[in-house]
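Below is a short report on how one protein chain is packed.

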Amino acid sequence: MAKTFKILIFLKRRPGMSIEAFRDYYENRHAKLCEKYTSGVQRYMRRFLDPLPDVATGRTEELPFDVITELWFEDEAVFRATVQYLSTSIMPAEVVEDGEKLFDRARSRIATAVECESRLASQPPK
């Protein structure tokens, strides 16, 4: 079974920026800038989050993050090198400068993921 290695980056928009402006800027400017630095990455995804109402209160509260950015790798060595780089190095100046227009960096978080998938009875055998 092939493994997929992922880096997850949890990001919050900067204070005062609307959700619409955040998503537009990220997709049309920042993501395109970051694509220059994705050597060895199989997939570069952004999962924009929309909160749902709380079942008990009916209130919809703002989430701690506005987007989960995913970097997918098939090569474990490239994945590990990228994790090492992200945890010990400063990103290229143009990415940092552009990110300051977009993100509340103090609230950003990064993690790696191991995926475990259940085969459901409704799924055909592989």
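The largest nonpolar core of this predicted model has 20 residues. F22, Y26, L71, F73 and L102 have the most contacts inside this core. A nonpolar core here is a set of buried Ala, Val, Leu, Ile, Met, Phe, Trp, Tyr and Cys residues joined through side-chain atoms within 4.5 Å. Buried means under 20% relative accessible area, exposed means over 50%, and partly exposed lies in between, with a 1.4 Å probe and protein chains only. Strand 1 (5–11), helix 1 (19–34) and strand 3 (67–73) each give two or more residues to the core. Helix 1 supplies the largest share, six residues. Helices (H or I, at least four residues) and strands (E, at least two) are DSSP runs, numbered from the N terminus.

L102 touches K12, R13, R14, M17, F22, Y25, Y26 and H30, leaving out residues up to four places away in sequence. Contact means heavy atoms within 4.5 Å.

Residues are numbered from 1 along each chain as its sequence is written. The model is predicted, so local features need pLDDT of at least 70 and side-chain atom pairs count only at pLDDT 80 or more, while totals for chains, interfaces and linings use all residues; side-chain values use heavy atoms, with hydrogens and water left out.

The protein chain has three helices and four strands. From the N terminus on, the order is β-α-β-β-α-α-β. The C-alpha trace spans about 50 × 45 × 25 Å along its principal axes. Of the 126 residues, 32% count as buried. Among contacts with a separation of 6 or more, 75% join residues 24 or more positions apart.

How do helix 1 and helix 3 (residues 93–100) pack, and at what angle? The angle is about 165°, and the axes are 10 Å apart. Axes are lines fitted to C-alpha atoms, for helices over the stretch in contact, and angles run from 0 to 180 degrees between N-to-C directions. Helix 1 and helix 3 are therefore roughly antiparallel, a label for angles over 145 degrees. Y25, H30, L33 and C34 in helix 1 meet E94, V95, D98 and G99 in helix 3. By class, this contact has four nonpolar, two polar and two charged residues. Nonpolar covers Ala, Val, Leu, Ile, Met, Phe, Trp, Tyr, Cys and Pro; charged covers Asp, Glu, Lys and Arg; the others, Gly among them, are polar.

In helix 3, V95, V96, D98 and G99 are buried. Helix 1 is included in what covers the buried residues of helix 3.

| Residue | Relative accessible area | State |
|---|---|---|
| H30 | 4% | buried |
| T82 | 18% | buried |
| Q123 | 30% | partly exposed |

H30 is found in helix 1. Leaving aside neighbours within four places in sequence, H30 is in contact with Y25, V95, D98, G99, L102 and F103.

T82 lies in helix 2 (residues 76–88). With residues up to four places away not counted, T82 touches I7 and F73. T82 and T38 are 44 residues apart in sequence, and 9.7 Å apart in space, C-alpha to C-alpha.

Q123 sits in the segment after strand 4 (109–113). Residues up to four places away aside, Q123 touches E117 and S118.

Definitions and conventions:
Angles under 35 degrees count as roughly parallel, over 145 as roughly antiparallel, 65 to 115 as roughly perpendicular and the rest as oblique.
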